[in-house]
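Reader: I've got a model open and a few things to ask. Can we go through it quickly?

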Amino acid sequence: MSTEAFAALARLAEERVDHRFKGLPPDADGLTVGELAAQRRNLFTGGFATPVLALSAERLEHNLALMETYATRHGLAFAPHGKTSMAPQLFRRQIDRGAWGITLAVPHQVRVARAFGVRRVFLANELVDPSALRWISAELDADPGFHLVCYVDSVRGVELMDAALRGAARPVDVVVELAAGEGARTGVRTEEECAAVADAVAAVPTLRLVGVAGYEGEVPGADPERVHAWLRRLVALAVGFDAAGRFADVEEIVVSAGGSAWFDTVADVFADIPELSLPVLKLLRSGAYVSHDDGHYRKLTPFNRVPGEGALEPAFRLWTQVVSRPTPDQAFVNAGKRDAAYDLDLPFAQVIRRDGRERPATGVSVTALSDQHAWLRTTDEADLEVGDWVGLGLSHPCTSFDKWPLIPLAEADGTVVDYIRTYF
């Protein structure tokens with residue numbers, strides 16, 4: 001980690017706490033983030049205002065360690081997708097835990113990563129914006145230690161990239177993106193078209209073909225058999241490109257896949273990649289693991305299929321307060337679409353706090369969200385009063401992080417030990 005990167009991270013602690021950061025104690029206004037963290041306030045008694053999203057310090061550390069161990073055990077390089085958190089402090093912890101680099105999706109995200117010293121970026125998208133390409137080229141020319149790999153998925157895309165990069169001192173490394181199937185998202189649909197894109201890359205001096213990649217999460221009707229079959233196609237594409245001499249001027253061949261639902265299948269297929277003419281960088285890109293969740297990814301995680309490998313733990317909890325109890329079967333808390341992820345599942349009522357005591361949220365469920373309210377249904381079992389704190393579990397980490405620019409990192413007893421800054 002460079003001196004400049006250390007300095008950039010250190011400056012996060014110098015930012016002043018004020019009205020921009022919801023949920024933080026009003027009496028902390030004017031303190032720096034570092035000063036507030038040093039006070040080690042308690043999330044429940046230290047003046048925090050609901051709603052407030054908290055990230056579990058212990059569960060975060062568990063998830064970071066588990067995926068580091070998993071990648072090492074299976075011989076995978078790991079570039080976790082940074083779009084999940086867009087939190088440079090978490091990028092640094094992921095890299096400190098052995099990550100090869102960080103995966104990103106759009107130029108703004110690369111700018112954030114570079115501002116905080118990330119040296120290796122996998123850009124899982126075809127980039128054809130001229131101004132962004134020129135900025136990336138300038139970064140590559142200015143820093144010999146900066147390594148970026150980018151998707152290409154069309155001859156037209158190659159032409160646009162080449163036009164924007166003319167005059168660059170270093171070529172941009174690219175991988176041909178193989179589509180996950182007909183009707184899937186981006187990517188080249190057929191092996192013949194992949195070869196045409198590779199030919200186009202070889203014909204320009206501004207790009208260098210270093211491998212192949214794709215996203216198995218877009219396989220139509222994804223199940224183990226279909227995902228295995230598509231991953232074998234991806235490997236075969238790399239083998240064929242190597243046999244044709246398409247990687248003659250590179251140091252290693254990149255073969256990359258891996259979202260958060262099928263990384264066990266990626267590990268299985270990548271374990272059988274045959275020996276090629278150069279070393280192979282088997283690059284996994286799963287990102288949601290860092291906080292995991294209580295809904296979508298709890299159901300889809302590969303660790304459900306391979307429990308002997310461990311288990312991720314949901315690290316988010318959104319603390320809300322009951323502001324209305326109009327009928328025996330209804331209540332409202334003060335967090336809604338502005339605060340909670342809702343694109344995959346509604347939040348889950350988990351615990352209730354009253355007078356310093358916490359108990360399960362028996363008989364309480366979330367049925368709808370308004371902008372600033374969650375609608376709760378309550379049964380006869382529910383013991384819920386105006387003023388109670390209700391802890392909600394969330395589904396989909398990516399749309400949880402992006403609603404909170406500064407997130408308390410809290411230990412199990414509520415002690416807040418740090419604050420995680422996000423940049424969306």
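Reader: What are the ground rules for the model?

Author: It is predicted, so local features need pLDDT of at least 70 and side-chain atom pairs count only at pLDDT 80 or more, while totals for chains, interfaces and linings use all residues. Residues are numbered from 1 along each chain as its sequence is written, and side-chain values use heavy atoms, with hydrogens and water left out.

Reader: How many cavities of 30 Å³ or more are there?

Author: One. Its lining includes Ser260, Phe263, Tyr289 and His292, where lining residues have an atom within 4 Å of a point. By class, that lining is six nonpolar, three polar and no charged. Here Ala, Val, Leu, Ile, Met, Phe, Trp, Tyr, Cys and Pro count as nonpolar, Asp, Glu, Lys and Arg as charged, and the others, Gly among them, as polar.

Reader: On to pockets. What is the volume of the largest one?

Author: About 490 Å³. A pocket is an open set of points with protein on both sides within 12 Å along at least five of seven lines. The largest pocket is lined by 27 residues, and His81, Lys83, Arg185, Tyr215 and Arg285 are the closest to its centre. The lining has 11 nonpolar, 11 polar and five charged residues.

Reader: Where does Arg185 sit?

Author: In the loop between strand S6 (172–177) and helix H8 (191–202). Helices (H or I, at least four residues) and strands (E, at least two) are DSSP runs, numbered from the N terminus.

Reader: Is Arg185 buried or exposed?

Author: Exposed, because its relative accessible area is 52%. The bands are buried under 20%, exposed over 50% and partly exposed in between, with a 1.4 Å probe and protein chains only.

Reader: What does Arg185 touch?

Author: Tyr215 and Glu218, leaving aside neighbours within four places in sequence. Contact means heavy atoms within 4.5 Å. Arg185 and Tyr215 are 30 residues apart in sequence, and their C-alpha atoms are 9.0 Å apart.

Reader: And the second largest pocket, which residues lie nearest its centre?

Author: Ser56, Arg317, Trp319, Glu411 and Ala412, out of 19 lining residues. That pocket holds about 360 Å³ of space. Strand S1 (52–56), helix H3 (57–73) and strand S10 (316–327) each supply at least two lining residues. The classes are 10 nonpolar, three polar and six charged.

Reader: Switching to packing. Which residues touch the most others in the largest nonpolar core?

Author: Phe122 and Phe270, in a core of 123 residues. Helix H9 (residues 224–243) gives the most, with eight residues. A second, separate core has 18 residues, including Val17 and Tyr419. A nonpolar core is a set of buried Ala, Val, Leu, Ile, Met, Phe, Trp, Tyr and Cys residues joined through side-chain atoms within 4.5 Å.

Reader: What strand order does the open sheet have?

Author: S2-S9-S8-S7-S6-S5-S4-S3, eight strands with parallel pairing. Strands pair if DSSP finds at least two bridges between them. S2 (77–78) and S3 are the edge strands, each pairing on one side only. Three bridges join S3 to S4, and Leu104 has Leu123 in S4 as its bridge partner.

Reader: How do S17 and S18 pair?

Author: Antiparallel, over five bridges. They form a hairpin with five residues between them, and Gly414 in the turn has a positive phi of about 95 degrees. Leu406 stands opposite Arg421 in S18.

Reader: What is phi of Met86?

Author: Near 45 degrees, a positive value in a residue other than glycine. Most residues other than glycine have a negative phi. Met86 is in the loop between S2 and H4. It is buried, with a relative accessible area of 1%, whereas Arg40 is partly exposed at 44%.

Methods. On a 1 Å grid over the protein atoms alone, a cavity is a set of points where a 1.4 Å probe fits but cannot get out, and a pocket is an open set with protein on both sides within 12 Å along at least five of seven lines; lining residues have an atom within 4 Å of a point. Grid points are joined across faces, edges and corners, and a volume is the space filled by probe spheres set on the points.
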